[in-house]
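Let's take a friendly walk through a protein model, one stop at a time.

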Amino acid sequence: MDQAAAHRARLAPYIEPHLERRRRQVKHPVHDFLFTYYTYRPAQLMRWQPPGPFDAKHGALAASTFALLRATDARRGNFGCFGLHEWAMVYRSDRTRHPQPLRLGAAATNQVVEAHRLNCSHFDAVRFFTEAALPLNTLRPGPGDRADFEQPGCLHATMDLYKHAYRLAEVVGSDLIADAFELAWNVRIADMRAAPYDLSGTTLDPDRSQWTPICIETPDGKREYAELQRAFTARAAIVRRRLAEACAPYAQAQSTAAVLGNPSAPVVHDLSRQTTPHSPESATLRTSR
């Protein structure tokens, strides 16, 4: 089997059930996210390509991605968030993001949020918080300061490694994209197991297992979530560093161009050996609580 065929065979168990559901216009509350929130089309994902040679057209994106990856990798992971971002998205609201019911009901869901400290560092989660939940979050990430807040324990930062990989497909190649995709797939399942929704009866691909909740409002659920989080963080560190290695020549080229007087080239510092003053703990200075 050649590399292209092996790549298609590897990803078919994830892609083919999705395409079949799409043909039947059936939505999936867990897996659709990987094909709707993320913009890489199934046909692109199934197509194999090797890493390409250095091409300056990728310079700006690769350099900025490098800086974000290294800043994230240098920061200490937060393993005490317990997936409460999904709960904050429905806090004291009549609307939910999925048609499935809340597992504990609205009142008890609100009580869980109020009984915990929200410390979400991921802007693309925080931007979906309800108005009532936003003041409860101890961090204030914004769209332009991701490198100041992203931390390796965040499930959504781990899923976003898939986005970083496919946006640089010609740089990193399909094997790394597939690794990031499979990691994001596993993380998404855990993310929705810890969410406040009751997804009973939902079948999960590719093994056809049944959804079960991680009851993060209980000590056992917190322990299970944190253990999964740490395991995903270890896997993500490998993918993140491989991505950073692929981006490093572009970051170096951008930095060299800036030193030589190209004002359009951003200076990108290698943050792999640095700590950051904007860890989740220090970022709490930018709060209203």
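Gln-25 is exposed, because its relative accessible area is 73% and exposed means over 50% (buried is under 20%, partly exposed lies in between, all with a 1.4 Å probe and protein chains only). You will find Gln-25 in the loop between helix H1 (3-23) and helix H2 (33-36). Helices here are DSSP runs of H or I with at least four residues, strands are runs of E with at least two, and both are numbered from the N terminus. Gln-25 also has a positive phi of about 60 degrees, although it is not a glycine. Most residues other than glycine have a negative phi, and most peptide bonds are trans.

Before we go on, a word about what you are looking at. This is a predicted model, in which local features need pLDDT of at least 70 and side-chain atom pairs count only at pLDDT 80 or more, while totals for chains, interfaces and linings use all residues. Residues are numbered from 1 along each chain as its sequence is written, and side-chain values use heavy atoms, with hydrogens and water left out.

Now step back to the whole chain. Its secondary structure comes to 13 helices and 2 strands, and of its 289 residues, 50% count as buried. Contact means heavy atoms within 4.5 Å. Among contacts with a separation of 6 or more, 74% are between residues 24 or more positions apart.

Next, find helix H4 (residues 59-74). An α-helix has 3.6 residues a turn, so residues three or four places apart point the same way.

H4 has a packing partner in helix H9 (residues 155-167), at an angle of about 155 degrees and with the axes 11 Å apart. Axes are lines fitted to C-alpha atoms, for helices over the stretch in contact, and angles run from 0 to 180 degrees between N-to-C directions. H4 and H9 are therefore roughly antiparallel, a label for angles over 145 degrees. On the H4 side, the contact is made by Leu-61, Thr-65, Leu-68 and Leu-69, while H9 brings Leu-161, His-164 and Arg-167.

Is Cys-81 buried or exposed? Cys-81 is buried, with a relative accessible area of 15%. Leaving out residues up to four places away in sequence, Cys-81 touches Asn-119, Tyr-225 and Gln-229. Cys-81 and Gln-229 are 148 residues apart in sequence, but their C-alpha atoms are 9.9 Å apart in space. Phe-82 lies in the loop between H4 and H5 and counts as buried at 17% relative accessibility. Phe-82 is not a glycine, yet it has a positive phi of about 60 degrees.

Our last stop is Pro-206, in the loop between strand S1 (203-204) and strand S2 (209-210). Which kind of peptide bond joins Asp-205 and Pro-206? The bond is cis, with omega about 0 degrees.

Conventions
Parallel < 35°, antiparallel > 145°, perpendicular 65-115°, else oblique.
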